[in-house]
Amino acid sequence: MRLWLFLLILCCLFSSSCAYQVVSPVSDSISESKKLSIIQAHLLLGQWGLAKKQLDQIQEPYQRREYWRLLSLYWLSVEHNDDALLVHESALAKYPNDGFVWNNYGVLLGLKNRWQEACEAFENADKVGPSKRQSVQINLSRCALRQNRVNLAQIYLNQAKEIAELPLIGLMTELNLVLIQGSNDKARLIFNNIQADKEIARNSVHFDEYNCLSWHLTARETDPTLYSSASNFTCLNGSRYKHDN
């Protein structure tokens with residue numbers, strides 16, 4: 001009995017040993033396509049260092065459209081705007097009809113206060129994309145507000161709402177729009193939706209814009225006679241914007 005048990009244990013150990021010997025290291029078996037999927041996951045989780053390390057390991061023959069999109073997203077996320085602009089310009093030189101990169105490029109130009117160029121980039125993103133992207137439509141709506149083109153801003157925002165429920169930045173854009181239009185009741189409804197996620201708003205890059213919208217809505221509700229009609233203000237990027245004639 002003891003001999004049988006010993007032989008069984010020995011056999012199991014040998015089998016396990018063989019199993020460990022024939023398995024190749026994971027890193028050797030991962031395809032370039034799989035690596036790109038892993039990089040995307042790192043970016044979604046905010047693991048910038050891990051994403052960059054993996055991006056640096058993608059060999060040049062595999063640096064195709066998806067690689068440049070992920071590289072674009074990485075540089076946009078880490079907020080090194082000058083380096084990011086150069087990367088996006090290189091990506092667009094290779095893929096001039098990529099709406100994803102054009103949209104991110106527009107965001108970067110906006111961060112540099114190069115609004116005219118930013119809006120042109122969003123227009124390019126809208127033209128070359130095979131279908132409407134919600135982020136592009138929201139950005140175009142914000143551009144139209146900056147240009148005091150309220151009706152056009154409404155059209156773009158309606159298109160964004162048809163694609164999906166508006167995210168936080170979309171709700172803030174809509175609140176800007178209805179305040180310009182003088183619709184205080186509707187503005188309150190939208191602001192209540194934003195308030196439901198106010199912790200998200202407070203911790204986002206749009207915190208100043210959130211505060212500005214809150215102040216203007218309260219002022220309008222406190223003295224409705226003073227704000228009884230449409231105006232040309234916006235709270236985009238946390239400051240009052242005046243259209244340059």
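Modeller: Below are the overall makeup, the disulfides and one arginine.
Modeller: This is a predicted model, where local features need pLDDT of at least 70, side-chain atom pairs count only at pLDDT 80 or more, and totals for chains, interfaces and linings use all residues. Residues are numbered from 1 along each chain as its sequence is written, and side-chain values use heavy atoms, leaving out hydrogens and water.

Biologist: How many helices and strands are there?
Modeller: The protein has 14 helices and zero strands, taken as DSSP runs (helices H or I, at least four residues; strands E, at least two) numbered from the N terminus.

Biologist: How many disulfides?
Modeller: The count is two, a disulfide being a pair of cysteine sulfur atoms within 2.5 Å. In Cys119 and Cys143 the sulfur atoms are 2.2 Å apart, and the link is left-handed at -100° about the S-S bond. Cys119 is in helix H8 and Cys143 in helix H9, so the pair ties together parts 24 residues apart in sequence.

Biologist: And what is the S-S distance for Cys212 and Cys235?
Modeller: Their sulfur atoms are 2.0 Å apart. Cys212 lies in helix H14 and Cys235 in the segment after H14, 23 residues apart. Both Cys212 and Cys235 are buried (under 20% relative accessible area, 1.4 Å probe, protein chains only).

Biologist: Switching topic, where is Arg220?
Modeller: Arg220 is in helix H14, residues 207–222.

Biologist: Which side chain of opposite charge is nearest to Arg220?
Modeller: That is Glu221, 9.7 Å away; Arg220 is buried yet has no salt bridge (a side-chain nitrogen of Lys or Arg within 4 Å of a carboxyl oxygen of Asp or Glu). A polar atom of the Arg220 side chain lies 2.9 Å from the backbone oxygen of Leu179.

Conventions:
Buried means under 20% relative accessible area, exposed over 50%, partly exposed in between (1.4 Å probe, protein chains only). Lys and Arg count as positive and Asp and Glu as negative; His and the chain ends are not counted. A polar contact is a pair of N or O atoms within 3.5 Å; within protein, one must be able to donate a hydrogen and the other to accept it, and residues adjacent in sequence count only if both atoms are side-chain atoms.
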